[in-house]
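Please look over the chain shown here before reading on.

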Amino acid sequence: MTIHTHDASRETVAGVRSRAAAAIRSGQQPQTAPWSRRVGIASQFAAHGPTGEQLPLRAHWKPVRRCVQPNPMATAICAVLIALCLWGAAGCSRQHYRRQADAEVLGLLAEKSNDPRWELHDYRFTPHRASRMYDPTSPDCPPMPPDDPASHQLMHRVDCKPGYKHWHRHGNAMFVENPDWRSYLPCNDQGVLVLDRRLAMQVALVNSREYQTELEDLYLSALDVTFQRFRFDAQFFLTNQTFYQNNGPKAAGGASRRLSSDTEATSRKLGIAGSELVVGFANSLVWQFAGPDDRTARSIIDFSLVQPLLRGAGRAVVMENLTDSERALLANVRQMEQFRRAFYVNVIAGRASGPGPGRGGLLIDALTPTTPSSSGGIYTLLSDQIRIRNQRVNVSGLRDSLDQIQAHYDAGRIDRLQLDVARQALFNAQNRLLSLQTAYDNRLDAYKIQLGLPPDVETRVEDDLLKPFDLVDPSLIAISDQVTDLIDRMRDPPEARRGIDLRQQLPQFADGLLQVDKLLEADRKLLDRALPSRRKQLAELSRREEVLRGDADSRAYSVELLERRAADLNRDMDLISSVLKQVADELRQTAQAPGNDEQTLPLLIRTSNLLLNATLLETALRLDTVTLTPVDLDPAEAYITASQQRLDWMNARAALVDVWRQIEVTANALKSNLDVVLDGDVSTTDNNPFRFQGTTGRMRVGFRFDAPLTRLIERNQYREALIRYQRARRAYYAYEDRISQNLRSTLRAMRQAQLDFELRRAGVLVAVSQVDITRERLTQPPKPGAAAQATTFGATTARDLVQAYQGLLNAQDNFLLAWVEYEANRLNLDFELGTMRLDTSGMWIDPGPIQHGYGQAPGQPDEPEPNPELIAPPEPIELNQPIAPPAPQPEAIPPRPQPIR
């Protein structure tokens, strides 16, 4: 409370000057103002004589020996208050306020993340130093970023008016992103960033803009809580007004000069039941500098207490904002962990991350789960690499087959049409290979942007996740291509073959054949280790209802056929192993004593055919080593697990209650205003700012009432709250339905995938057999007496071979995609159940098989409210019974009209 002191007429400098001039004219000693010596203003004025001449006052004025001394205590108080006001005007530094906010936010997040189900690991809302988003400049006084030159001129001069002069006081930055972030990338010696699943996740957590935005939204949600808590703290305010006032002689009240300082200190406290207590201290000091040198000082202490009894009263209303912000922060902490898990699924499998923290609370509609999409992320990049390698094998096989068909065409054993069919198939396969590589490069650039990296970062994806699907070892593909290239060069004209060194290349091919033999032997051992689990899976699948009723071919799930196939592969392994060693010896002998091209070329063709046979055999060997992680979970059990473990489901329940609480809050506004008011004050006397006396006190107590005559706005808000709650109820059970749908769809897809995976495996085996059969036709020697025939092959030999290679490629790709989709669904299922766990580095802790009882032990359901009053559901209505209409209500009697008076 500010005390206003009424001004009395005081003598101004003009009055002093006129009296001094009159004294000089009469020969008397001029009377000086008592403050002239202290302030020294008299020496700055001149008196005027009768003729208007200017007379200096310094020679006529003498020091004043008597003056009224100011109160030293009042002067000290005024000086202290003015100093405090000057200090408070500057306030604390930006850095102080930023660090204070950060400390409070971290404390709140630690308080809300004390549950292991949503514990925040290494939470930081400031980007890491290695991040592209990191700002190395001052966070409180950042320099100006690069600006558009034309727009920049408008900051310094606009509409011919000069602008602010200090835009550049913090310097100018020549960058927007962190200039040193590339030096932190874990590149290899060639400057290539080699990504696997772990490194991709680490790069994304450091550089992803989407992830950083969610962290900042969580920070802002915590800031809202600090404000709501502050509302219930004791709040202190200090204001000061200091003015020097000069009134002229003709001003109201006469001439005066004075210095006044009004200080007000206030403390406010809001109670949880709606009471508001205000305590204030006000002080007013006034010095007069004209006429008699005096001062006035007065202080007052006042207080006011208001307690609502109806409208605006009660904890439900008063604490609503605090409760809402606290619940929103808890929900956002859980949602941040939910988003962190979804972010992993997005980076690895390509599923959309879904909603993250939201400032102001989370709505049920915003939490609605998204339907899992097809696989993406690093899964797709790795599968694309396998498809590209499969396509290269396809191109290599078609090129080798074209060479054989070309040789048969030159010998007159096949017609030109089949040669053109084979050549066209090779061209199409090469075009497909180029298209796959281009699509992969584009997808890799998009993935780098998803991780927060620019597309120009040289990146290579390498991970052993899909290594079992390298059905043909890359080294086998490399040596096969080298042999095929040498065969092509051997068929060139003699002058083009001068650079061929058979003495060096043939021993390398021999060593390569021995290496292939070791690869095949290692694959046979892998198959032996995988056979027990394969037998178990096939036995379980063979008992499926779909297999028993004939919807799926039972031979694909036959353990007996698996055993027979394994025996055949072992026999073929023994045979090809001896042939590989024999051909390797022949290559070394030929290198030591090379003959003519007619002798070397058939050996190279035989080597190429042998490598292609090894390719088919390795494909068959590795095919049965690939298995699926078992998933067998009942949809009803999965639904119960999700209801206990899903963090967003916890938030959805809390969001429904948040909407329900608004009914009570809005209904309170319909009541009357009835407040208990208690206020009073006490002031000082005798011009002493510290002499408080009870006799000056004042006390008032009473009631303040406002009848609820106009409540249309409040009525509409209350009705709207009722409707919002009913909508929230519908949104909530729609949310539950969506979760149930996703779980059932995922489990159904995985159940189908388990059967489909074996069918696709069988399809690859059939395709391998088709390629083997069609290639055998090309290696058959001519029949006796067939030299005179135009052709010795069937009319569809080349087409059958092309179709066999294409069928093998499609079967391999489908087999790979089936496994990738299954693994993506297994990851999605763990996420949908809410049982997904990440380690401190953000990597998924693979739970292995997901079967009965999974997710029931870890974690505890939310604790219920103490002593909840449970309302039993209504009795069910038989649908075949008509619903009785409600009993008619008596009509209200209209009021009798009153006569107009």
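This is a predicted model: local features need pLDDT of at least 70, side-chain atom pairs count only at pLDDT 80 or more; totals for chains, interfaces and linings use all residues.

Residues are numbered from 1 along each chain as its sequence is written, and side-chain values use heavy atoms, with hydrogens and water left out.

Q: How many helices and strands does the secondary structure of the protein come to?
A: Helices (H or I, at least four residues) and strands (E, at least two) are taken as DSSP runs and numbered from the N terminus. Counted in that way, the protein has 21 helices and 12 strands.

Q: What percentage of the residues in the protein is buried?
A: A residue is called buried under 20% relative accessible area, exposed over 50%, and partly exposed in between, with a 1.4 Å probe and protein chains only. Of the 901 residues in the protein, the buried ones make up 42%.

Q: Among contacts between residues at least 6 apart in sequence, what share joins residues at least 24 apart?
A: A contact here means heavy atoms within 4.5 Å. Among the contacts in the protein between residues at least 6 apart, those joining residues at least 24 apart come to 79%.

Q: How many salt bridges does a search of the whole structure find?
A: A salt bridge is a side-chain nitrogen of Lys or Arg within 4 Å of a carboxyl oxygen of Asp or Glu. With that cut-off, the search of the whole structure gives 60.

Q: Why does the salt bridge of Asp 324 with Arg 661 tie together parts that are apart in sequence, and by how many residues?
A: The closest N and O atoms of Asp 324 and Arg 661 are 3.8 Å apart in this salt bridge. Because Asp 324 lies in helix H9 (residues 320-349) and Arg 661 in helix H19 (residues 647-668), the parts that the pair ties together are separated in sequence by 337 residues.

Q: Where in the chain does Asp 473, the salt-bridge partner of Arg 622, lie?
A: In the salt bridge of Arg 622 with Asp 473, the closest N and O atoms are 3.4 Å apart. The pair links distant parts of the chain, 149 residues apart, with Arg 622 in helix H17 (residues 597-623) and Asp 473 in the loop between strand E10 (459-461) and helix H13 (474-490).

Q: Are Arg 622 and Asp 473 buried or exposed?
A: Arg 622 has 11% relative accessibility, and Asp 473 has 16%. Since these values are the basis for the class, Arg 622 counts as buried, and Asp 473 likewise counts as buried.

Q: Which residues do salt bridges that share partners join into one network with Asp 324 and Arg 661?
A: Salt bridges that share partners join Asp 324 and Arg 661 into one network.

Q: Which strand gives the largest share of the nonpolar patch?
A: Leu 277, Val 279, Phe 281, Ile 301 and Phe 692 make a nonpolar surface patch of about 340 Å², where patches consist of residues with over 30% relative accessible area and no salt bridge, like charges being joined within 9 Å and nonpolar side chains (Val, Leu, Ile, Met, Phe, Trp, Tyr) within 5 Å. The accessible areas come from the Shrake-Rupley method with a 1.4 Å probe, and for residues only the protein chains shown count as cover. Leu 277, at 35% relative accessibility, counts as partly exposed. The largest share of the patch, three residues, comes from strand E8 (residues 276-288).

Q: Which residues does Thr 590 touch, not counting residues up to four places away in sequence?
A: Thr 590 has its place in helix H16 (residues 559-592) and is buried, with a relative accessible area of 17%. Leaving out residues up to four places away in sequence, Thr 590 touches Leu 506, Thr 600 and Leu 603.
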